Amino acid sequence: MALAVTSSSSAAISGSSFSRSTASSELKVPQIGSFRILERGQGQGQSSSLNLSQRKSAVKPINAEPRRNDSIVPSAATVSAPEVHKERIETEDFEKLAKDLENASPLEIMDKALEKFGDDIAIAFSGAEDVALIEYAHLTGRPFRVFSLDTGRLNPETYQFFDTVEKHYGIRIEYMFPDSVEVQALVRSKGLFSFYEDGHQECCRVRKVRPLRRALKGLRAWITGQRKDQSPGTRSEIPVVQVDPVFEGLDGGVGSLVKWNPVANVDGGDVWNFLRAMEIPVNSLHSQGYVSIGCEPCTRPVLPGQHEREGRWWWEDAKAKECGLHKGNIKQEDGQATDAANASGAAAESDIFESSNLVTLSRSGIENLTKLENRKEPWLVVMYAPWCPFCQAMEGSYLELADKLAGSNVKVGKFRADGEHKEFAKSELQLGSFPTILFFPKHSAQPIKYPSEKRDVDSLMAFVNALR
């Protein structure tokens, strides 16, 4: 079975809940089409297996303007199939396109995305620094559409920012809302803050993932603000364009949706330089220390030495810091390294916290340390996992601390607590999430857990000085 794009000179597309920004008051629709599955035998040499990096397309321009409807009914709910006339077959290889665009600017990538998909693509806007995507779209001079997920739990500042962005660009953001019955059932059965106890995945599934799925069913492509440096554990290999491995588009089925990531290769600092240079409005939460912004109960400012994603779901391990919108970033267990495999110690990782002033403790070493009631000197030990981005973020400050404490009466050590050691660390060493820092006093067997999220050298040194 091969995947094809078909389009016609006459098509009726109605019931769309999405609107779009225009460069002029009179719009002309770019060439767009709809996907359909070609059965085996419709073309010579077609394979029954589907390559997610390629699509076979039958393309003919659509000249008619799609009829708009301002109702909130998702566009996927009412789409009439276009008539198919003369077709020509061509192959779209998005893996090759991603390589071709690897060194392209975000503006060039955005222009290519809007040119290819026209009215069938939209920008996913979270209300954070991804406002840069809207600016890039605006700079192309092409019509564009923007949608956002209103979970019902966003910060007031985010709602105010949505209004500011709409007025600044003269657009209407297309909001998607969670199903009220599902939200009601979740809250009535588990309360308003169940995610603090059993994880955020269920709440995110109801309030974010399912509304996103409905939105994407009305599109053939979407644009995200993902960057490789946002989450080294799950986003380090995202391409600038890909066939979406998780969600389905307008025509349904695997491979029916394309995902564009124009700022994938851009450093977060460069994104902010762009926002300042272009005088683009930003969410006021950024000035309060927020970097990655989500729902109010699950987002907080980050502190010195912390990775930006550590402000999200801080009570959970690093491996859990995806809400499900970009689940495809996590490779499946098919022999490749996966985030889950990292968490269990199954994948080889370069170690961190390497220093001659730092002692590497084995399982027996940390067990012996916990049993000693009269130690010759106190110990400071970090429990870590080398794949954890938050451990990586504090590596510099912890090594500097070890250098400062060299020659003092305090030993500095590390214990890798993922994989087979994780359950032991959780039950015996107060491990909650990575990294966890313990101080073992000189005359007490009970270690003291560092309670703060501040992992800069001065804060860690103050903790040590207060106890030694």
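Which helix holds both Asp100 and Lys96, and how many residues apart are they? I looked this up first. Both sit in helix H1 (residues 94–100), four residues apart, about one turn of the helix. Helices here are DSSP runs (H or I, at least four residues), numbered from the N terminus.

Notes on the model. I am working from a predicted model, where local features need pLDDT of at least 70, side-chain atom pairs count only at pLDDT 80 or more, and totals for chains, interfaces and linings use all residues. Residues are numbered from 1 along each chain as its sequence is written, and side-chain values use heavy atoms, with hydrogens and water left out.

Entry on salt bridges. Side chains of opposite charge can pair when their charged atoms come close. I used this rule: a side-chain nitrogen of Lys or Arg lies within 4 Å of a carboxyl oxygen of Asp or Glu. I got 19 salt bridges by it. One of them links Asp100 and Lys96, at 3.1 Å from N to O.

Entry on helix H2. I found Glu115 and Lys112 in helix H2 (residues 106–117), three residues apart. Their side chains form a salt bridge at 4.0 Å, N to O. Next I checked exposure (buried is under 20% relative accessible area, exposed over 50%, partly exposed in between; 1.4 Å probe, protein chains only). Glu115 is partly exposed at 40%. Lys112 is partly exposed too, at 29%.

Entry on Arg172. Its side chain meets that of Glu166 in a salt bridge, 3.7 Å from N to O. Is Glu166 buried or exposed? Glu166 is buried, at 10%. Arg172 is exposed, at 58%. I also noted a network: salt bridges with shared partners join Asp119, Arg145 and Glu174.

Conventions
Helices (H or I, at least four residues) and strands (E, at least two) are DSSP runs, numbered from the N terminus.
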